[in-house]
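Have the structure open as you read.

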Amino acid sequence: MGGGFPREGRGGSPGPTLPSRHWACPWRCYIKQRCLSPMLCCCRRRVPTRSVPPAEPRRASAARQAFSLSTCKMLSLDPLGLEWDCPLGSKDLEEEEGPRVEGSGLPPPGYFPGSWSQDVGLDCKGSPEGAEARAWTVYYYSLLQSCLQQAGLPETQDRSQAPRTGCPGAEVTLCILGSPSTFLSVLLEGGVQSPGNMLLCLSPAWLTKVPAPGQPGEAALLVSKAVSFHPGGLTFLDDFVPARRVTYFLAGLGLGPGQGREAAELARDLTCPTGASAELARLLEDRLLTRRLLAQQGGVAVPATLAFTYKLPALLQGRDASPGLRLVELSGKEGQETLVKDEVGAFLHSEALGDALQVAIKLSSWRWRGRQVLRLHPRAEVGTVADTVLALLEKLEEEESVLVEAVCPPARLSFPGSPQPGPELAVRICAVVCRTQGDRPLLSKVVCAVGRGDHPLRHQSSLPRTLEVALAQCGLGEAAQVAVVRRSVKAAAEAALAAVLALEAELSVEQRGGRQARTDFLGVDFALTVAGGALTPVALELNGGLCLEACGALEGLWASPRSGPVAEEAAAAAPLVETMLRRSARCLMEGKQLLVIGGGGFSKKFVWEAARDYGLKLHLVESDPNHFASQLVQTFIHFDVTEHRRDEDNARLLAELVRARGLQLDGCFSYWDDCLVLTALLCQELGLPCSSPAAMRLAKQKSHTQLHLLCRQGPPWPSPSLHAVPCCPLESEADVERAVHQVPLPGVMKLEFGAGAVGVRLVEDAPQCHEHFSRIARDLQGEADHPGIGLGWGNAMLLMEFIDGTEHDVDLVLFGGRLLAAFVSDNGPTRLPGFTETAACMPTGLAPEQEAQLVQAAFRCCLGCGLLDGVFNVELKLTGAGPRLIEINPRMGGFYLRDWILELYGVDLLLAAAMVACGLRPALPTHPRARGHLVGVMCLVSQHLQVLNSTASQEALQALHDRGLLRFNLFLSSEEALVPSEYEEPYCSVACAGSSLAEARLRLLGLCQGLGIDGPHYPVAHFLSHFK
Ligand SMILES: Nc1ncnc2c1ncn2[C@@H]1O[C@H](COP(=O)(O)OP(=O)(O)O)[C@@H](O)[C@H]1O
Ligand SMILES: [Mg+2]
């Protein structure tokens, strides 16, 4: 939706007019009670303001007063009326009310003041435009330049003479076909989040639909020409040869005659994700449907409404009535007067109308969108209301309806006794809400309009402002009260999108306009009224494009200079662009063939489900012939990969196997510690993208990582050596003897190739060092002693200086040596002497500068080892002297990390890793924002065996997870968990979410106490005490 999709037929023949008996004022005003404000009724279209006759002297009747105050205010909330609603300057403000008609028309001439070059290559080669279409393209180009100019941004540079070649099929291509002013905020945000990949098409002729092989009935969308957006608001007019394949399409809104229809056609049945379709827009613009939906499913307050229709819209049939919404189905056009009068009478006298003194009469009709006048009547005038309804019913077609709705009295915000000077002010609240990861709605921005109560307040005739400023102007300055209003607006707007998404989920592909058509954002217009003694936002309209445009205008206010707290707020379009990127990533990866080396343990069982969801075709190489994933993949290759001293030979053998089987691979990757070096070697054999085997080897062997980085002294500075920690490799008792004199004690002894903290120990003196070395030499000799922790490389150890400080994980995504994303989490105190992980929280509670230090340190260490492409997990401690490296895991973070990052940031490290493996730059937002906080603790069989069999059983924890009360990540299967081991790995993680760290921590503590996870030997409060 957004801005009324598609907007066309402006210059057509006039629509039907109402019979003259309904005209009560000489200017065709339907408001019988003389028009106090000519702006409120149809008169405003016909009569220039100056020629309006002076209003009648006011009478002090209650009804009259109510009209002048509340009616005007509530009217202000309604985006009816062509000239206000339409993003284009309408060439004909004298237009009649009536249904939209398809037709032709030229854009308004010479509209935008400015001095940009007119000599730009707007023609798309091979796709000539007619004179009229061309005029619209020029018009939109000028509108774009005007918008850029007003935002203080440079003029678009024409690069179309030198076509861009790009990386066909390998790049994110976010394409918007629509009015530049509506989408400016999205375009600019897209330019920041995915530079050069956010494209604006100013004409449908710049796009082509081509049949999609393997997807009957669907088409791919190609873009040959567009304005591309880059950071800093830089824009280029680009030609693409070959044309770029669109990975996300947001179809044109507010386009000129003919173009709207073409945009709708382009958006239909695409293989790529689409954020709008004519079909969905039509549903969202059906007032009756959406009102019913919001009231019923969303629990959103809507005005009390009486609706008349000949035939209920199909989607409303069979649904239960909702309170405050009365539906009357009429049997035909004739002989309905009595029924209508009775229904209107009963409605106007009913309690559902509350304190309303006025009613508004509207049409719910796609045909009439944006072409209606406002009709308002005092509640007492049953006869007039019924007459107006009857007159409108004559024009109705099946599935359209006439609505009579309460004009709920606006909240009087100024306190009695402290009236505001001047005219009473009206406020309109408009909220933009976006669909995020997991179909969750997220409010991204609230924009308000304030104006005189006696003038209509429309998106395009009012200045946008923040909720705080708007409410303060109306007399509500209390921060706490404003916060209450914001919370209720957030709840209502998110509930509205949830209701829309629930409706969409029930629709067929045809009803949605395509398999991939989803509503990714919504604008909701609210009035603020008092209900049950509380300030309540009442949802009036769904209005995507107009709300987005208002947000853009508000953000534009802060374009230059960017300062103050408002600039800190995320752009309204930020979550929308993140969704575009996430959907694009899926689009690019669908059907990709990937070889996975090592299925991994139970803790990685999410991989198979995710792969199916993403449409990845996985082929698995695995040592265990009975691995549970063997049935879940396209090809299962049983091959023993555990003997790492033979990794090179194995890589060659595997490459032959892959060739012999004729696998057409797009990539090869691993997330399992044990298989990373082999994977790099195999990728080299197969010519697939991966970090080099040498880099993987360096990272895999802990002492080599540190000693290598110690030598990397720069420039550039700061160099990786700053973060490396002195250590000694230990292969024999003699090495231990030497090491205790070189490494200051206490130190940490651990396995060179270890994982899961198995065999790690704090050693305080030389005897402890010798004892631990011989114990490991005895207990952990080979793979069979503890599978999957790297013993296939042997059980060599190292002694490392003990690093004091707080422990953190940094999960990085690198592509071509560029840092695309980084996620920092904090760890609680480990359990000594074995350093088992206890607690963690995300996002980090560190100050931004310290967080940045950690990210840079992790990034530098990866680069220093030659790890340039992939998803890496870097463990560091933050000491008084800065970050120190513990180890680099050259794979995605283990345990709960992938789950938490997906949950909090909507970024899937698994998909990112798969994309890098396919040589595709992962489609990630530049600065993803966490949607909350997670705090979790590990459960250990040794500590929690009893509760894990009772209060905190797997079933109980899963049930709590399913109810959203905790996040449960299980790492061991029940068979694995039952084997008692001295070298224990965590059994599961339980975490709680909260809007703040403190809230999440408190919740978790309560839960752990309730479930018995907390106890004297496992003091959860202590483990969480780091997280402040
Ligand atoms: N030098 C050190 N100083 C302090 N703590 C350390 C040091 N090395 C390891 N640790 C602790 O031991 C844990 C496990 O060590 P690590 O090197 O990450 O082994 P693994 O590969 O088994 O995870 C770390 O998370 C950290 O808490
Ligand atoms: Mg580790």
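## The magnesium site

Let's start with Glu887, which is buried at a relative accessible area of 13% (buried means under 20%, exposed over 50%, partly exposed in between, with a 1.4 Å probe and protein chains only). Glu875 is buried too, at 16%. These two supply the protein donors of the magnesium ion (ligand 2): Glu875 (OE), Glu875 (OE) and Glu887 (OE), at 2.0 to 2.5 Å. Donors here are N, O and S atoms within 2.8 Å of the metal (3.2 Å for Na, K and Ca), and water is not among the atoms, so sites may look incomplete. The pair links distant parts of the chain, with Glu875 in strand E29 (residues 870-879) and Glu887 in strand E30, 12 residues apart.

This is a predicted model: local features need pLDDT of at least 70, side-chain atom pairs count only at pLDDT 80 or more, and totals for chains, interfaces and linings use all residues. Residues are numbered from 1 along each chain as its sequence is written, chains are lettered from A and ligands numbered from 1 in the order written, and side-chain values use heavy atoms, leaving out hydrogens and water.

## Helix H20

Strand E30 (882-889) turns up again here, together with helices H19 (676-686), H21 (702-710) and H24 (848-865): the buried residues of H20 pack against them. Helices (H or I, at least four residues) and strands (E, at least two) are DSSP runs, numbered from the N terminus. In H20 (residues 693-700), 6 of the 8 residues are buried, so the helix is largely enclosed by the rest of the structure. Among them are Pro693, Met696 and Leu698.

## An aromatic cluster

Ring pairs link Phe112, Trp136, Tyr139 and Tyr140 into a cluster. Rings of Phe, Tyr and Trp (its six-membered ring) pair if their centres lie within 6.5 Å; planes under 30 degrees apart count as stacked, over 60 as edge-to-face and the rest as tilted. Trp136 and Tyr140 have ring centres 5.9 Å apart and planes at 35°, so they make a tilted pair.

Both sit in helix H4 (residues 131-150), 4 residues apart, about one turn of the helix. Trp136 is buried at 2% relative accessible area, and Tyr140 is buried at 0%.

## Charges over rings

The charged end of Lys225 sits over the ring of Trp206, 5.9 Å from its centre. Arg244 does likewise over Phe240, at 5.3 Å. The rule asks for NZ of Lys or CZ of Arg within 6 Å of the ring centre and within 35 degrees of the ring normal.

Technical notes. Contact = heavy atoms within 4.5 Å.
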